[in-house]
Each structure stands twice: as C-alpha cells, then as structure tokens.
Amino acid sequence: MAAADRDALEMAGLRFQVGICEEALRADPEDTEALRFLAHAYTRMGRLDDGLTADRRLAALCPADPRVRYNLACSCSLTGRAEEALAVLQEAIGLGFDDLALLRKDTDLDPLRADPRFRALEVELEKKKGA
C-alpha cells in the first residue's frame with residue numbers, strides 16, 4: 001500500500017473515531033474516555049485547537065490526573081502557548097507525572113526544548129526518578 005493510501009486510510013479512520021466520540025459526548029458530556037480519544041484524534045488530524053479544547057475539558061473533569069495534565073501541556077505546546085505549556089507541565093510533574101523517557105522523546109514538546117525552564121523541569125523529574 002502506498003504512503004498516500006495509508007495516510008488517506010488513517011484520516012478516514014480518525015474521522016470515524018471523531019464522529020463516534022462526538023456522538024458519545026452528546027450523550028454524556030463528561031465521558032472522559034471519549035474526550036481522551038477525541039483529543040488524540042483531533043491532534044492527529046491537525047485540528048490542534050480542537051485538540052486543545054478537548055484536553056482542557058478533560059483536565060477540568062480530571063484535575064488530579066497527571067497524564068491528563070501532561071497531554072494538556074503537549075496541546076499547549078503544539079498550539080504555540082509555551083508559557084501555559086510549561087506551567088501545565090510543572091503541574092503534571094507535581095501531580096506525579098514521572099515518565100522521563102516520554103518527556104525526552106515526545107515531539108509535541110519540541111517547541112519548548114530551547115527554553116531553559118523546560119530543562120529545569122527535566123532536571124526536576126530526573127531528581128525525582130533518581131536518574
């Protein structure tokens with residue numbers, strides 16, 4: 001299968017997933033699983049502002065979930081909201097996010113890497129992990 005065909009197939013699958021999730025959220029606006037899938041699908045489709053909106057809704061529903069905060073930081077980073085991304089990433093670490101390997105390789109955070117505050121967060125996480 002050609003790359004263009006795979007991309008078209010992936011987009012069709014993402015559009016289908018978005019439709020299912022949006023319908024689930026009409027039935028239950030607090031369906032956190034649907035919001036998780038929706039935020040991811042929107043982002044994969046390049047609908048970054050929609051992904052950010054979904055991640056913000058999810059963070060409001062799950063305020064103590066470090067992974068939700070981490071994903072919100074990624075959405076903020078991808079939409080050019082560096083200040084907010086760094087603040088939310090700090091919150092995620094404070095809530096217990098400890099996946100140092102993900103922090104180091106996640107391309108969603110690339111826009112933040114040149115900021116010394118990002119390196120400070122990485123060092124903070126290294127210390128917590130004893131790495």
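1. Is the crossing of α1 and α2 left-handed or right-handed? In this predicted model, the two helices cross in the left-handed sense. Helix α1 covers residues 3–27 and helix α2 covers residues 32–44. Their axes come within 9 Å, and the crossing angle is roughly 145 degrees.

2. The residues behind this contact can be listed for each helix. From α1 come E10, L14, Q17, V18, C21, E22, A24 and L25. From α2 come A34, L35, F37, L38, A41, Y42 and R44. Sorted by class, the contact of α1 with α2 holds 11 nonpolar residues, one polar residue and three charged residues.

3. Two packed helices are described by the angle between their axes and the distance between the axes. The crossing of α4 and α5 is left-handed.

4. Which residues of α4 and α5 meet? On the α4 side they are P66, R69, Y70, L72, A73, C76 and S77. On the α5 side they are E84, A85, V88, L89, E91, A92 and L95. By class, the contact of α4 with α5 has 10 nonpolar residues, along with one polar and three charged residues.

5. Q90 is a residue of helix α5. Is Q90 buried, partly exposed or exposed? Its relative accessible area is 34%. Buried means under 20% and exposed means over 50%, so Q90 is partly exposed. Leaving out residues up to four places away in sequence, Q90 touches L121 and E124. The C-alpha atoms of Q90 and A73 are 9.0 Å apart in space, while the two residues are 17 residues apart in sequence.

6. E126 sits in helix α7, which spans residues 116–129. The relative accessibility of E126 is 14%. The cut-off for buried is under 20%, and E126 therefore counts as buried. What joins the side chains of E126 and R104? They are linked by a polar contact of 2.3 Å.

Technical notes
Residues numbered from 1 in each chain as written. Predicted model: local features only at pLDDT ≥ 70, side-chain atom pairs only at ≥ 80, totals over all residues. Heavy atoms only, no water. Axes fitted to C-alpha atoms, helices over the stretch in contact; angles between N-to-C directions. Helix = DSSP H or I, 4+ residues; strand = E, 2+ residues; numbered from the N terminus. Left-handed = near helix turned anticlockwise from the far one by under 90°. Contact = heavy atoms within 4.5 Å. Nonpolar A, V, L, I, M, F, W, Y, C, P; charged D, E, K, R; others polar. Buried < 20%, exposed > 50% of the residue type's maximum accessible area, 1.4 Å probe, protein only. Polar contact = N/O pair within 3.5 Å; in protein donor to acceptor, adjacent residues only side chain to side chain.
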